[in-house]
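This report describes one protein chain, from its overall form down to single residues. The sequence and coordinates come first.

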Amino acid sequence: MDTYDIFNDVLDNALLHLYMSVAETERFTPKAKRNDILVRYLKPMIKDKRYQQAKKEVKRLVALGRVASCDLESKLIELNELSQRYDLQATKAKQLFDLLTCIETELALPARFLNVADNGIKLPNTIYMLQEHIDNGFTLAGEQIAPVSLFLESDKVIGVVDLINAAGLFLAEIQQYSADVKQGHILLHPKK
């Protein structure tokens with residue numbers, strides 16, 4: 001789980017805790033009391049190892065909850081809505097990043113941009129991409145509008161294509177492949 005997912009869990013759970021606590025009483029619960037309930041719920045998370053990645057964010061929430069003029073509940077709702085909008089607009093560009101992370105984890109093949117300063121020297125077992133393909137292959141909203149090229153010197157070219165197609169985020173096509181020199185050019189097409 002990454003920091004984003006952990007923080008989303010904190011938001012959801014904190015709001016759920018607040019609403020369950022408020023539901024236990026028939027009396028009106030003022031903003032100061034609601035902030036206090038949230039702060040008491042969030043504070044132990046700062047030292048909890050499960051929330052270590054989101055520790056800074058949780059500390060900020062606790063600090064906000066202690067400010068008398070702050071409405072921590074409203075802030076949590078706002079952050080939660082922002083997070084939900086972001087999740088709905090999960091873009092192909094983010095999916096490409098997730099895919100490259102998955103390839104690095106599963107096949108031990110890191111990805112990097114092909115750099116002119118490297119004088120054409122490529123490391124084996126590394127996926128290379130052209131910056132222009134990323135810049136021109138995705139709209140500002142992150143939707144893929146053109147294929148993206150991946151270049152690879154490895155005996156794992158077929159495995160990369162199989163992993164990409166199995167993930168289901170993109171359609172991978174081998175554009176060129178030389179088994180003798182173990183080089184491949186893979187095109188990533190948007191999945192419809």
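Where does Lys182 lie? Lys182 is found in the loop between β4 (170–178) and β5 (183–190).

## Basis

This is a predicted model, in which local features need pLDDT of at least 70 and side-chain atom pairs count only at pLDDT 80 or more, while totals for chains, interfaces and linings use all residues. Residues are numbered from 1 along each chain as its sequence is written, and side-chain values use heavy atoms, with hydrogens and water left out.

## Overall form

The chain has 7 helices and 5 strands; helices (H or I, at least four residues) and strands (E, at least two) are DSSP runs, numbered from the N terminus. Starting at the N terminus, the order of elements is α-α-α-α-α-β-β-α-β-α-β-β. The radius of gyration of the chain is 23 Å, well over the 16 Å that the globule rule gives for 192 residues, so the chain is more spread out than a compact globule. That radius is taken over C-alpha atoms, and the globule rule is 2.2 Å times the number of residues to the power 0.38. The C-alpha trace spans about 75 × 35 × 30 Å along its principal axes.

Of the 192 residues, 33% count as buried, where buried means under 20% relative accessible area, exposed over 50%, and partly exposed in between (1.4 Å probe, protein chains only). Among contacts (heavy atoms within 4.5 Å) with a separation of 6 or more, 54% come from residues 24 or more positions apart.

## Helix α3

Helix α3 covers residues 55–65, and its buried residues are Val58, Leu61, Val62 and Gly65. These residues cover an arc of only 100° around the axis, which puts them on the same side of α3; the arc is that of the directions from the helix axis to the C-beta atoms. Lys56 and Arg60 are exposed on the other side of α3.

## Loop residues with positive phi

Lys182 is not a glycine, but has a positive phi of about 55°. Its relative accessible area is 41%, so Lys182 is partly exposed.

Ala108 is found in the loop between α5 (92–107) and β1 (111–113). Phi of Ala108 is near 55°, again a positive value in a residue other than glycine. With a relative accessible area of 52%, Ala108 is exposed.

## Cysteines

How many disulfides does a search of the whole structure find? The search finds 0 disulfides, a disulfide being a pair of cysteine sulfur atoms within 2.5 Å. Cys70 counts as buried at 14% relative accessibility, whereas Cys102 is partly exposed, with a relative accessible area of 28%.
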